[in-house]
Amino acid sequence: MPRLDGGALAAGGAFLIKPNCILITGASGSIGGALAREYAAPGVTLLLHGRNQALLNTLAMECEQRGAHARAFAFDVRDTARLQAWARQISAEMPLDLVIANAGMNIDIGAQGQGERWEDVQALLDTNVRAVLALVDAV
């Protein structure tokens, strides 16, 4: 997407204003980390969520080296009560310009094609569906 003056982005003829406060779930993973690095810039606050505190701390330092202010939060989004309380607290402290509900997981049918265990299917739905809906509801 081509960048324009003032930090705006052009998307199919529409102008998108560059967000200043961004919450990213799943930031300790590959996609979430790449998004955080892309958005990291002076004047940007990044609220980085994931399950791995060490990776989040490293990512926050990388983003701060690019001029952003970064805060790291580690917990499992499947704890939707905690997720919603956290999201409400964060959004009360500062207006969120962009929320990227990126936390997710994948499962497979196993090496012998035996199929997914029900517990794994539940974890997938709790992470990829329920947690996203809970986050959106909270902000």
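User: Which residues line the largest cavity?
Analyst: A cavity here is a set of points, on a 1 Å grid over the protein atoms alone, where a 1.4 Å probe fits but cannot get out. A lining residue has an atom within 4 Å of such a point. For the largest cavity, that gives Thr 25, Val 77, Leu 83, Ala 101, Ala 103, Thr 127, Ala 131, Val 132 and Leu 135.

A word on the model: it is predicted, so local features need pLDDT of at least 70 and side-chain atom pairs count only at pLDDT 80 or more, while totals for chains, interfaces and linings use all residues. Residues are numbered from 1 along each chain as its sequence is written, and side-chain values use heavy atoms, with hydrogens and water left out.

User: What volume does the largest cavity have?
Analyst: Searching the whole structure turns up one cavity of 30 Å³ or more. A volume is the space filled by probe spheres set on the grid points, which are joined across faces, edges and corners. For the largest cavity it is about 40 Å³.

User: Which helix gives the most to the lining of the largest cavity?
Analyst: Helices are DSSP runs (H or I, at least four residues), numbered from the N terminus, and strands are runs of E, at least two. With four residues, the top contributor to this lining is helix α4 (residues 118-138).

User: How many residues of each class are in the lining of the largest pocket?
Analyst: A pocket is an open set of points with protein on both sides within 12 Å along at least five of seven lines. Ala, Val, Leu, Ile, Met, Phe, Trp, Tyr, Cys and Pro count as nonpolar, Asp, Glu, Lys and Arg as charged, and the others, Gly among them, as polar. The largest pocket has a volume of about 250 Å³. Its lining has three nonpolar, eight polar and three charged residues.

User: Is Cys 63 buried or exposed?
Analyst: Buried means under 20% relative accessible area, exposed over 50%, and partly exposed in between (1.4 Å probe, protein chains only). Cys 63 has a relative accessible area of 0%, so it is buried.

User: What kind of aromatic pair do Phe 75 and Trp 86 form?
Analyst: Rings of Phe, Tyr and Trp (its six-membered ring) pair if their centres lie within 6.5 Å; planes under 30 degrees apart are stacked, over 60 edge-to-face, and the rest tilted. There are two aromatic pairs by this rule. Phe 75 and Trp 86 lie 5.3 Å centre to centre with 75 degrees between the planes, so their pair is edge-to-face.
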